[in-house]
Amino acid sequence: MPEISRHQKQYLLQYKKEKRLIFTARILLFVLFMGLWEMSARCGWIDSFIFSSPSLIAKTFLSMCRDQSLFSHIGVTLTETLVSFFFVVILGVGTAILLWCSPKTSRILEPYLVILNSLPKSALAPLLIVWLGANERTIVVAGMSVAIFGSVINLYSGFCQADPEKLKLIETLGGHKKEKLTKIILPASLPLIISVMKVNIGLCLVGVIIGEFIGARKGLGYLIIYGSQTFKLTWVLMSIMILCIIAMGLYAVLNLLEKYIQKRLNGNVQILKTKNTLPVKYCQRVVILFYFPIKSVQNSSHGTGLE
């Protein structure tokens, strides 16, 4: 390993200092907001019955944790979100692959996917309740409906933007769509898939909450709609804060997964560099330049009877 230069050390120190500064500023901004909210409620600047306060939210949270009624609502919402997210990932990647394998089908279905993606999903939730009934399956479908169509469109667009030179190399070596998909398309699209997953986890949570607003008897969405109807606004704000924490946690998990995949990909690239392998584009040119002349010579020799 080469020794780090003085300028590199200064850059790393500056980067770490800036990172700590940003983290500290985020914490201070949160503490300042909570303190101002609590002070406004205690001094009567805002109505604590309508706007509540951090202390009231904390008391409500602790009381619901003691009787364990809150954990069941959190578990239901989290389970429905993860199930809908799992199906969105599987169906989104699978549908995008099918559309990539059949360009004619993709051209036929493209306007319908755009229309379905632009529909207001909150308008579909009452229909889903009527069609499927008021149960957890309906809420999972509601969560999927928010994210699935945009996921298919984004993934298919990413698949179509693969490196054409690498695809040409696969064709030159006699490969078919299976080899293109497994060797080029999917490996190159891993960062895109992770990015789409990071967006979809939040959309699935939104869809689940929309479904729980209409046809649920448990879940954080049920607590929000019940609290707003009975003027227990502390329940509403507590549920919203818990949803924010859940969204941050799920996003952080996917962010760690993205960093792990990038580290593995960068490690593979570094291994190739240490082995002094030829660049990919150079290999492509060598194959394309020499494969076709050899093939033409072989065809001409068979045509003239020469062995």
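Let's begin with the cysteines: the structure holds zero disulfides. A disulfide is a covalent bond between the sulfur atoms of two cysteines. Keep in mind as you explore that this is a predicted model.

- Cysteine 204 is buried, because its relative accessible area is 0% and buried means under 20%.
- Cysteine 244 has a relative accessible area of 42%, so this residue counts as partly exposed.

**The nonpolar cores**
- In soluble globular proteins, nonpolar side chains tend to be buried together.
- Here, the largest nonpolar core is made up of 44 residues.
- Leu70, Phe85, Ile185, Met197, Leu220 and Ile242 are the residues with the most contacts inside this core.
- Helix H4 gives the most to the core, contributing nine residues.
- Another core, of five residues, lies apart from the largest one, and its members include Leu99, Ile148, Phe149 and Val152.

**A closer look at isoleucine 185**
- Which residues is isoleucine 185 in contact with, leaving aside its neighbours within four places in sequence?
- They are Trp100, Phe159, Ala162, Leu167 and Lys180.

**A nonpolar patch on the surface**
- Some nonpolar residues are found on the surface too: Val83, Phe86, Phe87, Ile90 and Leu91 form a patch there.
- Together, these patch residues have about 430 Å² of accessible area.
- Phenylalanine 87, one of the patch residues, sits in helix H4, which covers residues 69-101.
- Is phenylalanine 87 buried or partly exposed?
- Phenylalanine 87 counts as partly exposed because its relative accessibility is 37%, a value between the 20% and 50% cut-offs.

Terms used. Residues are numbered from 1 along each chain as its sequence is written. This is a predicted model: local features need pLDDT of at least 70, side-chain atom pairs count only at pLDDT 80 or more; totals for chains, interfaces and linings use all residues. Side-chain values use heavy atoms; hydrogens and water are left out. Patches are made of residues with over 30% relative accessible area and no salt bridge: like charges are joined within 9 Å, nonpolar side chains (Val, Leu, Ile, Met, Phe, Trp, Tyr) within 5 Å. Accessible areas come from the Shrake-Rupley method with a 1.4 Å probe; for residues, only the protein chains shown count as cover. A salt bridge is a side-chain nitrogen of Lys or Arg within 4 Å of a carboxyl oxygen of Asp or Glu. Helices (H or I, at least four residues) and strands (E, at least two) are DSSP runs, numbered from the N terminus. Buried means under 20% relative accessible area, exposed over 50%, partly exposed in between (1.4 Å probe, protein chains only). A disulfide is a pair of cysteine sulfur atoms within 2.5 Å. A nonpolar core is a set of buried Ala, Val, Leu, Ile, Met, Phe, Trp, Tyr and Cys residues joined through side-chain atoms within 4.5 Å. Contact means heavy atoms within 4.5 Å.
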